[in-house]
Amino acid sequence: MSAALEVRDLVVAYGKIRAVKGISFTVNHGEIVTLIGTNGAGKTTTLRTISGLVPVESGEIYFQGERIDGVPAHQIVERGLAHAPEGRRIFPRMTVEENLLLGAYSRRDSGISTDLERVYTLFPVLAERRRQAAGTFSGGEQQMLAIGRALMSRPKLLMLDEPSMGLSPMMMRRIMSTIRELKEQGTTILLVEQNAQAALELADRGYVLEVGRIVLSDTGHNLLGNEQVRKAYLGED
Ligand SMILES: Nc1ncnc2c1ncn2[C@@H]1O[C@H](COP(=O)(O)OP(=O)(O)OP(=O)(O)O)[C@@H](O)[C@H]1O
Ligand SMILES: [Mg+2]
């Protein structure tokens with residue numbers, strides 16, 4: 001069976017600047033895979049390219065065995081690949097529920113209300129405030145809303161870009177345990193995180209990105225114990 005996601009020799013450039021310099025990685029069905037790396041390593045660029053928001057310079061991207069580079073972004077979502085972007089990007093004047101329903105815009109099935117209830121069960125604070133404008137939410141609450149919205153497309157693969165950014169330690173643990181729950185429910189996850197410790201504890205496997213190149217890949221467990229990773233990403237001297 002083909003991998004959930006396969007990226008082959010991907011190169012992405014902004015004008016003359018190459019942000020991603022030929023990376024290859026896979027995400028298997030049911031896995032949590034994390035990309036870690038310092039600021040500017042190319043993590044967000046990689047996710048945006050997979051989503052069809054940034055064009056590929058060269059290389060290939062396969063989602064469930066089918067090539068998706070060059071496919072328009074909305075069709076990629078329809079095929080089951082959702083993206084909760086960096087910086088949340090919720091619609092502040094719309095209510096919580098309107099934001100969530102936007103995530104389901106491409107669906108025509110009858111399961112939307114069931115999935116809405118599932119998101120509300122996952123994040124009760126969203127249920128309590130479903131009629132409230134999303135712009136009044138705290139950073140952590142907006143992050144939950146962004147993840148909830150991505151889930152509303154009922155994705156086979158969910159990409160999360162820095163879900164813990166700006167969150168309190170308690171909120172961060174909530175988000176991390178939610179990601180684990182989603183995996184247990186069968187969602188495949190590609191997670192980008194600055195918080196390498198939290199990401200590697202959660203991930204089956206990880207890739208370390210340095211200025212557009214993958215320099216290391218292993219199981220989450222082994223990367224957590226890797227001396228090079230501990231020095232560069234886990235703040236040890
Ligand atoms: N729209 C853009 N135009 C030009 N250069 C860009 C653009 N977006 C990103 N870059 C550059 O591409 C490189 C990779 O950026 P990217 O956002 O992918 O990094 P990142 O790993 O997500 O970093 P961070 O951890 O800070 O979010 C950086 O050098 C960045 O300045
Ligand atoms: Mg980023």
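A residue is termed buried when its relative accessible area is under 20%, exposed when over 50%, and partly exposed in between, with a 1.4 Å probe and protein chains only. Helices (H or I, at least four residues) and strands (E, at least two) are DSSP runs numbered from the N terminus. The structure is a predicted model, in which local features need pLDDT of at least 70 and side-chain atom pairs count only at pLDDT 80 or more, whereas totals for chains, interfaces and linings use all residues. Residues are numbered from 1 along each chain as its sequence is written, and side-chain values use heavy atoms, with hydrogens and water left out.

Strand β3 (residues 32-36) is mostly covered, as five of its five residues are buried. Burial extends to both faces, with I32, T34 and I36 on one side and V33 and L35 on the other. Two strands are taken to pair if DSSP finds at least two bridges between them. Strand β3 runs parallel to β8 (residues 188-193), to which five bridges join it, and L35 stands opposite V192 in β8. Four bridges link β3 with β9 (residues 205-210), also in the parallel sense; here V33 stands opposite R205.

An antiparallel open sheet of four strands has the order β2-β1-β4-β5. Because β2 and β5 (66-67) stand at its edges with a single partner strand each, one side of each has no neighbour in the sheet. Strands β1 (residues 5-14) and β2 run antiparallel and are joined by eight bridges, and the bridge partner of L10 in β2 is I23.

The structure holds one aromatic pair, where rings of Phe, Tyr and Trp (its six-membered ring) pair if their centres lie within 6.5 Å, planes under 30 degrees apart being stacked, over 60 edge-to-face and the rest tilted. The ring centres of F25 and Y207 are 5.5 Å apart and the planes are at 55°, so the pair is tilted. Since F25 belongs to β2 (residues 17-27) and Y207 to β9, the pair ties together parts 182 residues apart in sequence. Both F25 and Y207 are buried.

Pockets were located on a 1 Å grid over the protein atoms alone, as open sets of points where a 1.4 Å probe fits, with protein on both sides within 12 Å along at least five of seven lines; lining residues have an atom within 4 Å of a point. The largest pocket contains about 510 Å³ of space. Its lining comprises 20 residues, of which V77, H83, P85, Y105 and R149 are the closest to the centre. Helix α2 gives the most to this lining, with four residues.

Methods:
Chains are lettered from A and ligands numbered from 1 in the order in which they are written. Grid points are joined across faces, edges and corners, and a volume is the space filled by probe spheres set on the points.
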